[in-house]
Structure formats: C-alpha cells, structure tokens
Amino acid sequence: MTIQTSVVPQLLAPLCIFVLSGTLLLTVFVFVLDAHLVVDNRWQDNHFLNVIEISHSFSLGTGKIVSDMLSPIVNGIVRPSVFTKFRFGHILDISFSLAPQSSRRAKRMAHSIARATLGLTQPNKIDPPKIDLVEWKGDILAVGVTEKDMAKDENSKFKNLILQKLDSQLGGLLSEATSEEDFTGKAGQSTVLRLPGLGSKRVGLYGLGALASATVAYRSFGEAVALAAKSSQANNVAITLASSEGIPTESKPSTASAIATGAILGTFDDNRFKSESKKPALKSVDIIGLGSGPEIEKKLKYAEDVCLGIILGKELVNAPANVLTPGVLAEEATRIASEHSDVFTAKILDVEQCKELKMGAYLGVAAASANPPYFIHLCYKPPSGSVKTKLALVGKGLTFDSGGYNIKTGAGCMIELMKFDMGGSAAVLGAAKALGQIKPAGVEVHFIVAACENMISGTGMRPGDILTASNGKTIEVNNTDAEGRLTLADALVYACNQGVEKIVDLATLTGACIVALGPSIAGVFTPSDELAKEVFGASEISGEKLWRMPMEESYWETMKSGVADMVNTGGRQGGAITAALFLKQFVDEKVQWMHIDIAGPVWNDKKKNATGFGISTLVEWVLNNSS
Ligand code: BES
Ligand code: MN
Ligand code: ZN
C-alpha cells in the first residue's frame, strides 16, 4: 500500500487558475509523499514458513548483544518448536518515498517512482499545484465530513464548497443520497456511492462528528476507508477532508498521520493461523489536501514506525500459548534487539540466573510449567549523545494464566482467552520495536519482562506457600491466580536496580479493573502527580483511554498476612487497587512509578483480536522524555 499526500484540493481555486490562464503554460507538479507498504502474506506462502533456528536469530547483527547471557538458549535449552515458524512482526514492510507528480499523470508516475526508489528522495523545488478531486482517478474517493460540513442551504444544496462541487458533478445525487440515508456527518456514519461522473469509481462520505476527539475521529476515518477498500477489493483510494482548509497548518501533519495510522491498521489482518486468506488488494492511499514537505513526511514516518510496533504487539497477543511460549517471547525480544543492534542490547536470564538474583516470587509462578521461564531485558541507548533520562517499561508476560491450583473455572473466567495475559509485555516489546526505528536522543530505556506460564503440576506452587521476592520481602500466596503481581514484584525490583528515574508497568492484572472501567479504559495507579501528567499528556496524543484510580492506603489492611510480610490477594472489593498497592511494595520510593492495568483494553471482544493497547502512548511518552 502506498500512502501519498498531495497539496490542498480547493476545488474552485485551481479551476479558476486553469480557466484564466487559458493555456496550461505551467506544467504543474504535486509533491507526493509516498509510503510504499508491501503487504506480505508469508504465512500463506510456504517459502515464508521458515523454521527458525534460534542460534540463527542471535547471529544477526549481534554487535552489542550480550551473548553469554543468551547461551542457555543458544545451547538448546529452548528448542525451536514446530510453531516457531510463525514469525512475528513481518506482515507489513513500509517505506516512504517523495516524488514529484503532475496533476494529470500523477498516480502512475508516483507509483513507479515509489517502487523504484523505496526510500526518501529529495522533494522537488517547484511549487506544488492543487489537485482537482473530480479528476482523481482511482477506486474510492473518501471524503471526511463533520456535521457542520453537511449543512445545506434553503435549496438543499451543500454550503461546503467541496461537497457542492462533487454534488454538481454528480447531478445532485450526493445531496439526495445523504438526505435519503439521513447522513448527517455523525462520527462513524458512512455512505459509499458507486456512480459515474467522477474520475473515481466510488465516492464515500465518512462522518467525523463534531471532532471532539480529533485524533480518534481521524484514525477511525482512515480505518473505515481501509475496511471499505477491503470489501470492494480497491487497489487505490484517495482520502481528503471536506474542510481541510479549515485545519490550522500546524495541525495538518498530525491529522494526516492519524488518518494514515487508521488506514495502515485497518488494512492489517492477522491471518497467520488461517489456512486460507485473501491478500489485501489496497496498494496506495493518497492523502489529499493536508500539505506535503519534510514535516508531514516525518510525521508519517513516525506513524508508520508506531504502527509496526502495534502490529507486532497485536501478533504477540493473538498468538496462542502453544505457539508463544516464554522462550519464543524471549526469542522475539532478541530479534527486535538484533534488528537494531546499534541501539539495543539484549539480556535473557534463564531459571538458574533468576535463582541467583533470588527472584523467588517470579519463579514461584513459573514452577509448574513445562515451558521454562525467561526473564527478558532489552536496553535502548541513543546512537549518539549523552543520556539525560533513564526510563523503564515493565510488562506482565504470562504467556498463559490457567490460575494455577486456584484454577480459573466458571462462566466468565475467560480461561480460554488467557493467552492475552502477556499483553503488558506485548506493549513493552511493541514500543521497543517502534523506538528502535525512531531512535530518540537523550534517553535510555529498559524493557523488562518476567515471562512465564501459570500452570498446574506437582512442582507448582500451592495456595498457602510462602515466597521470598528479590528485595527480601515475603509473600503468602493465598491465591495462585493472583500471579501477575508476583512476577511483576521481581521485575520491578530488577527495574529499580537499573538506576532508572521513572518506571511505567503495564499488566493485564485484574478482572476487578474491567468491572470498574469496562472493556476499553485502562486503570492508572501512581503516587506521582508529575508522572501522571506526563503519561496522560502522551495518551491525549495517542488517543488511548486511561483513567486515574486511587492508591487508597487504608485498603492495605486486607493484604496483611499472619505469617509473612503480606498475602498476594485482598478481598473482592477494590481488587485493582489492592493489586496496585501490592506492586508498590517492590518499587524504590525514590523512583517515579506508574502501574497501568490493561486487563480490559488488551482485547477487542467484537473483533476477537488483540488491540495493541498501550504501545502508542508508551512511544509518545518516551519521546517526550527525549531531547
Ligand atoms: N490475568 C488475570 C486478570 C484478568 C482477568 C485479566 C480477566 C483479564 C481478564 C489475573 O492474573 C488474575 O487472575 N487476577 C485475579 C486476581 C484475584 C485472584 C485477586 C482476578 O482478577 O480475578
Ligand atoms: Mn491470574
Ligand atoms: Zn494473570
């Protein structure tokens, strides 16, 4: 898929220039920012189904990889299972190129250049012209409209100039259809017409609502267009806004990038585990009317990098627990590091090494599993310059949570979905992938995951067992199903030992958080108002929904043990809060720390798919901490 941006399509102005100048003396050029997205269904093609030799993946650009730490895996403790053929994060390869194009031969030329260069070329110096939407040739012309754009005059004619122009070209059918279908431009509404009269085969209007949350509205718009392209097997689409001229110049790049994000993520389907699937037909997306040039180009590149992180995150969560074992998760983390060995070091600790570090809480959870645990630590350092801030991102990495001896039973326990209990680690590794590409300056980031499974066996921890975490605190396990906090306890102690100033952990930690906030909002727990401000600022840009919850100290009462320092489970009430209070026991007071409970938003029940939640907020937050 290619994503292109070209310059403002005010319909009247170019037309007038056209007519007034009589002959076309100027050969006009449009700057087209062109993202070439090779959609690659390697899962369907046998030659892409490689069985990955683990040692193989470590030999890739191992520059800074701490190879002795990897030796347990290299020595074959983790054997590549038949399932390791499902590689992660390689579905979409995107590259951008910048090409000049004339308004008439525009598309074909831009595409051939895009394919030929697959990289950034220099922008043409000639002033860009305007494109006439009516002349745009392709499969779908998608116009985003607000409720205000849909206003009509006393003769039922659109007041908006772009809609007016399209409507008159279509003999009034657009205004007729929108009236009949009661299309008012509300968010989520859409109407697609297949009509002769335009260069485009179809024209679609997409409601943006009142643009209360612009990022979310633009992203949904991009996604809706991608879905329409999918259902009509469209090869190319153009996306524009009815009132793009009303958008302040400084907001245009972020508007374009929100639309592009929606289009990329809407095009992506995780078909790895299907025996049959269609290749996406969509090859190119022209974003018209939101400008061109280096700034928008940078924004689109950023959107692309974040999308690739999100896609990896989704793939990790979607992968079932028989494919994605702790060993495979460690392998994937190492792959991310080796793909960007200029900025990453990878350290994978096996059971013995975790024992040396006295990670008794984490190893207690891992004890029942036939699949050995791996403690994952990636470290990002900027390619050059000094480090001003050190951060850690910690993710819960339960590749499966059966509950253990307190096995998950009964309707609504969701045991069959507990592959998603590594959603926190997917967010952390997805962010790592994106940041490895973006390479922010001035910031060091530690990515930490204590990966394991919560299973049942004769070697497993029993309810009532007492574990000792790596900071020496003892825990009476009154419920083996409250396992995430046990793994995070040792991960947080480890993170604090890296000398970081701030830690954000993400975890599918409690069903109670879903009861409190529902399926699409994550719960935020932090004693630090400063850190809250930073992360909420990032979430406003990313559009991910967070809600701050109280860290009510009086609830700690329920977490007291008669024999150990604490139990791991309080009562039924305020379960997400007592879980957060438990984690706090393992964080150095000098470190600013935030826990985000993503039990709800990790999974989309309707789509039966992972959401990639958390990645865009984390990347944004890290960038805001860079210099
Ligand atoms: N992974 C679950 C939390 C969870 C439950 C996430 C449902 C998404 C959907 C976690 O390990 C867990 O089992 N938590 C228990 C804690 C309880 C035993 C105190 C819970 O929420 O029931
Ligand atoms: Mn559990
Ligand atoms: Zn769990």
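Around ligand 1 lie 18 residues, of which K408, D421, D481, E483 and G511 come nearest; a residue counts as near when one of its heavy atoms lies within 4 Å of the molecule. The structure is a predicted model, in which local features need pLDDT of at least 70 and side-chain atom pairs count only at pLDDT 80 or more, while totals for chains, interfaces and linings use all residues. Residues are numbered from 1 along each chain as its sequence is written, chains are lettered from A and ligands numbered from 1 in the order in which they are written, and side-chain values use heavy atoms, with hydrogens and water left out.

A polar side-chain atom of D421 is 2.8 Å from a nitrogen atom of the ligand. For E483, a polar side-chain atom lies 2.8 Å from a ligand oxygen atom, and an N or O atom in the side chain of D401 is 2.9 Å from an oxygen atom of ligand 1.

The second largest pocket has a volume of about 790 Å³, taken as the space filled by probe spheres set on grid points joined across faces, edges and corners. A pocket is an open set of points on a 1 Å grid over the protein atoms alone, where a 1.4 Å probe fits, with protein on both sides within 12 Å along at least five of seven lines; lining residues have an atom within 4 Å of a point. Its lining comprises 31 residues, with K408, D481, T510, G511 and A512 nearest the centre. Eleven of the lining residues are nonpolar, twelve polar and eight charged.

The protein chain averages a pLDDT (the predictor's confidence in each residue, from 0 to 100) of 83, and 79% of the residues score at least 70.

Key:
Nonpolar A, V, L, I, M, F, W, Y, C, P; charged D, E, K, R; others polar. Polar contact = N/O pair within 3.5 Å; in protein donor to acceptor, adjacent residues only side chain to side chain.
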